[in-house]
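Please examine the sequence and the structure before turning to each solution.

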There are 2 protein chains.
Amino acid sequence: MDDLDGRLIDLFADDPRVGVLEASRRLGVARGTVQARLDKLAATGVITGWGPDLSPEALGYPVTAFLTLEIRQETSSGGHDAVAQHLEQIPEVLEAHTITGAGDLWVRVVARSNADLQRVIDGVLDDARIVRSSTVIALATQVPYRVRPLARVGLSE
Amino acid sequence: MDDLDGRLIDLFADDPRVGVLEASRRLGVARGTVQARLDKLAATGVITGWGPDLSPEALGYPVTAFLTLEIRQETSSGGHDAVAQHLEQIPEVLEAHTITGAGDLWVRVVARSNADLQRVIDGVLDDARIVRSSTVIALATQVPYRVRPLARVGLSE
DNA sequence: GAAACACTGCGCACCTTGTCCAGCAACGGA
DNA sequence: TCCGTTGCTGGACAAGGTGCGCAGTGTTTC
C-alpha cells in the first residue's frame, strides 16, 4: 500500500467501469504497472473481490435490525458454531459475529417491514441453544459502510 | 428480479471477471439480454456498484468493535447529524446508524490492535454531544457480510 | 558492483464492448 | 380480434481494451 495504490483504489471505487488502460492514463503510469498493482492488491487480500454490491433496500428489505443473542455455554451442545450454522440458513441474516460478553453473538438482520421483522426474529431464535436475545432497530444510516478512508490513511505494509 | 436476475448476480458474484459476453454464454441467453438486465438492476438500485471490496484486516486493521453511543437530546446542539459529521472524519469508523433507544447511535470501528482501539475510541468520544458509550469487541466472524441469499429468495418486484 | 526489483513504452493477436438493427413471441388494452 | 408495448434473440460493425511478452532504465539491497 502506497500512495499509488490508494489512488488506484479510489479511482476504481469512484468509477468501476474504467479499464486498466484508462486507469493507467488517468494515473499517469504505465498500463503494466496498474495491472501489477491490482494483482498484488488481490494477492495480499486487500482487494477481496469485484462483485456487484447489492442493496437490501432495493431488494425489498428496508428494515435493518441488530440482535444480540446469548448462547448457552455448554461446549457439548455445539455452542457458537452450531448456532452460526443455523444462522447461515436464514437469508435475512446478513452478518453475525461473536462478541465480548460470555456466549454472546451479534447478528445483523433485515426484513421486509417491521411486521416481517417479527417473523425473521422468530426464525433466528428457533434454536434451543439461544438463551436470550435483545433487538434494536436501525432507524437511519448516518455513515454508510465504507472502507476506503482506511486505504488513504494506511501507507503502511 | 426473477430467476435469471438471480443467476446473473450469482454468476458475477462468483466470478466477477467474466464479461457480459461470457456471462451470456454461461447463462444461455443473448448478450443483449444480459446487458439489459444489468442495466435494469443498476437502474432500480439493486446493484449499487462494482467497486473493489476492501478488507480492513489486510489493510492492517484486524480488530473490529461495536460502539453504542448515547447522544445528548438537545435539538439545539445539532444532535445526531452533528455527531455523524464528526464520525465521518474518522477513517476507522466504518459504519454508523441511529438505533432505537433515546438518542442512541451504533458505530462500527476497526483498529490496528486492541491497544490501538483505545486511540480510536478516544477519537470517537471526542465530542461533547456524546453522553455515554459502551464497547463490545468482535472476536470472530461467524457469518461474513452477505446479501446474495436475499436475491435468491425474493422473486418479487 | 551486481542482482533483484519495479516501472516504462512498445507491439501483437485476440477478444469484448457499445451500439445498432430486424425478427419474433407474449401480454394487455381497445 | 387487432395492435402497441415489452423483452429476448441473433447478427453485424467499428472501436478499443486485454493478455502477454520484451527490452531498456532507474533504484534498492546485499
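**Conventions**

The model is predicted, and local features need pLDDT of at least 70, side-chain atom pairs count only at pLDDT 80 or more, while totals for chains, interfaces and linings use all residues. Residues are numbered from 1 along each chain as its sequence is written, and chains are lettered from A and ligands numbered from 1 in the order in which they are written.

**Exercise 1. Pairing between the chains**

Task: Determine which strand of chain B is joined to strand 2 of chain A, and in which sense.

Solution. Step 1: Strands (E, at least two residues) and helices (H or I, at least four) are DSSP runs, numbered from the N terminus. Two strands pair if DSSP finds at least two bridges between them.

Step 1: Strand 2 (residues 53-54) of chain A is joined by two bridges to strand 1 of chain B, and the two run antiparallel. Within this pairing, A:Asp53 lies opposite B:Gly49.

**Exercise 2. The side of chain B that touches chain A**

Task: Describe how many residues of each chain are in contact, and which classes of residue chain B contributes.

Solution. Step 1: Two residues are in contact if their C-beta atoms, placed from the backbone, lie within 7 Å. By this criterion, 58 residues of chain B touch 59 residues of chain A.

Step 1: Among the elements of chain B that give two or more residues to this side are helix 1 (3-14), helix 4 (80-88) and strand 5 (104-111). Strand 6 of chain B supplies the largest share, eight residues.

Step 2: Sorted by class, the side of chain B that touches chain A has 35 nonpolar, 16 polar and seven charged residues. Here Ala, Val, Leu, Ile, Met, Phe, Trp, Tyr, Cys and Pro count as nonpolar, Asp, Glu, Lys and Arg as charged, and the others, Gly among them, as polar.

**Exercise 3. The two faces of helix 3 of chain A**

Task: Explain why the buried residues of helix 3 of chain A line one face of the helix.

Solution. Step 1: Helix 3 (residues 31-43) of chain A has 13 residues and reaches 18 Å from its first C-alpha to its last, close to the 18 Å expected. The expected span is 1.5 Å times one less than the number of residues.

Step 1: A residue is buried if 20 or more other C-beta atoms lie within 10 Å of its own, exposed if 12 or fewer, and partly exposed in between, with C-beta atoms placed from the backbone. In helix 3 of chain A, the buried residues include A:Val34, A:Arg37 and A:Leu41.

Step 2: Viewed down the axis of helix 3 of chain A, the buried residues fall within an arc of 65°, so they line one face. The arc is that of the directions from the helix axis to the C-beta atoms.

Step 3: The face turned away from the buried side carries the exposed residues A:Gly32, A:Ala36, A:Asp39 and A:Ala43. The cover over the buried residues includes helix 1 (3-14), helix 2 (20-27) and strand 1 (47-49) of chain A. Just after the helix, A:Gly45 takes a positive phi of about 85°.

**Exercise 4. Strand 4 of chain B and its partners**

Task: State how many residues of strand 4 of chain B are buried, and identify which strands pair with it.

Solution. Step 1: Six of the seven residues of strand 4 of chain B are buried, and the strand is thus mostly covered.

Step 1: One partner is strand 6 (residues 130-143) of chain A, paired with strand 4 of chain B in the antiparallel sense over four bridges. In this pairing, A:Val143 has B:Ala96 as its bridge partner.

Step 2: Another partner is strand 5 of chain B, also antiparallel, over six bridges. B:Thr98 stands opposite B:Leu105 there. The hairpin of these two strands has four residues between them, and B:Gly101 takes a positive phi near 115°.
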